[in-house]
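Please work through them with the sequence and the model at hand.

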Amino acid sequence: MKTSCKLICLAAIAAAASCKKKDTPPSNSTTTTENYSSVNDFFVKNGVAMQTYTVSGTTGGSFTSPQGTVVTIPANAFVTQSNAPVTGNVTIQFKDLYKKSDMLLSNMPTMMAYGAPLKSGGEFFIKASANNSAVVLAPGKKITAAQPVALTGILDSAMQPFVQQKDSSGTYSWGLTSADSINYVASNYLFSLYQFNVPVDSGSWSNSDNSSYFSSYPQTTLTLQPNDNLTTYGTNVFLVFKNISSMVHVYHNGTNFPYYYAPQGLQCTLVAVGIKSGILYSSFVPITISSNQTVNFSLSQTTTSAFITQLKTLN
């Protein structure tokens, strides 16, 4: 009888323990751990998403992006890379950037090839494909992107067409193009794109820019000095200008981040991003640019959501 009671008690204890274990989730099931392999991986995972549309190669078509860009494609706009007319459906990959936070998260700064800042009326990416192969614009045909002025400020008649160009070292940067054009209406910049960038398989980036806006400010050297090992974190540094649609990427020289085209007297925010052991680190430092200024910054651990929330306040 005593043995039987002991067995019953042990069974009850085991059952209770079993229930308790089953109700307790694994220690890592309620915790989301962000893990980035590099700063570039951070940009890839948090940049603006690509949109996909379909138009007829014969009749053309139009679409409106979530940001409000209206893209119009005429009839018979495309030919294959071997110059054959495209008559079937054409897949259009498209994304547009107006907010400075989107530009930074997509690592698409508004700056000249040599580093000077540009004032942007909006950037957009486009790629056209038929039967899984990239196609090109037929001679004399153009794609029109109507970019809403309200997203970047009041109408600026000094906007010019820029496209991403590849230099001899393989680096892409914005360059003024004579092949394309910009017209203006009360509420839009009308960017007319007459040719895609080469190689067409990579798609084309275009940008409405005012390249003379910052010329009225004296240039100075702004040195951004990290208090952390920039190699350890793979640190990337940007300057986000206040009340201007402009954001530049400042590159390091192995020790610090010198920017030789800083417009003296303007306000901006230094935004630094780094990754260490898969974890995101950042720094936000407001600056009023003065002559030959040095600004120190330190990285602090953060989360993606906290970083993006703070970044959006700079829009």
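**Exercise 1.** Determine whether phenylalanine 94 and phenylalanine 124 are buried or exposed, and classify the geometry of their ring pair.

*Solution.* Phenylalanine 94 has a relative accessible area of 0% and phenylalanine 124 one of 2%, so each is buried (under 20% relative accessible area, with a 1.4 Å probe and protein chains only). This is a predicted model, in which local features need pLDDT of at least 70, side-chain atom pairs count only at pLDDT 80 or more, and totals for chains, interfaces and linings use all residues. Residues are numbered from 1 along each chain as its sequence is written, and side-chain values use heavy atoms, with hydrogens and water left out.

The next step is the ring geometry. Rings of Phe, Tyr and Trp (its six-membered ring) pair if their centres lie within 6.5 Å, and planes under 30 degrees apart count as stacked, over 60 as edge-to-face and the rest as tilted. The centres of phenylalanine 94 and phenylalanine 124 are 5.8 Å apart and their planes lie at 25 degrees, so the pair is stacked. Phenylalanine 94 belongs to strand S5 and phenylalanine 124 to strand S6, 30 residues apart, where strands (E, at least two residues) and helices (H or I, at least four) are DSSP runs numbered from the N terminus.

**Exercise 2.** Classify the pair of tyrosine 233 and tyrosine 281, and locate both residues in the secondary structure.

*Solution.* With 5.1 Å centre to centre and 75 degrees between the planes, this pair is edge-to-face. Tyrosine 233 sits in helix H4 (residues 230-233) and tyrosine 281 in strand S20, 48 residues apart; both tyrosine 233 and tyrosine 281 are buried. In total, the structure holds 18 aromatic pairs.

**Exercise 3.** Identify the residues with the most contacts inside the largest nonpolar core, and the strand that supplies its largest share.

*Solution.* A nonpolar core is a set of buried Ala, Val, Leu, Ile, Met, Phe, Trp, Tyr and Cys residues joined through side-chain atoms within 4.5 Å. The largest one has 28 residues, and those with the most contacts inside it are Ile73, Phe78, Ile92, Phe94, Ile126, Ile143 and Phe196. Strand S6 gives the largest share of this core, 4 residues.

Notes:
Buried < 20%, exposed > 50% of the residue type's maximum accessible area, 1.4 Å probe, protein only.
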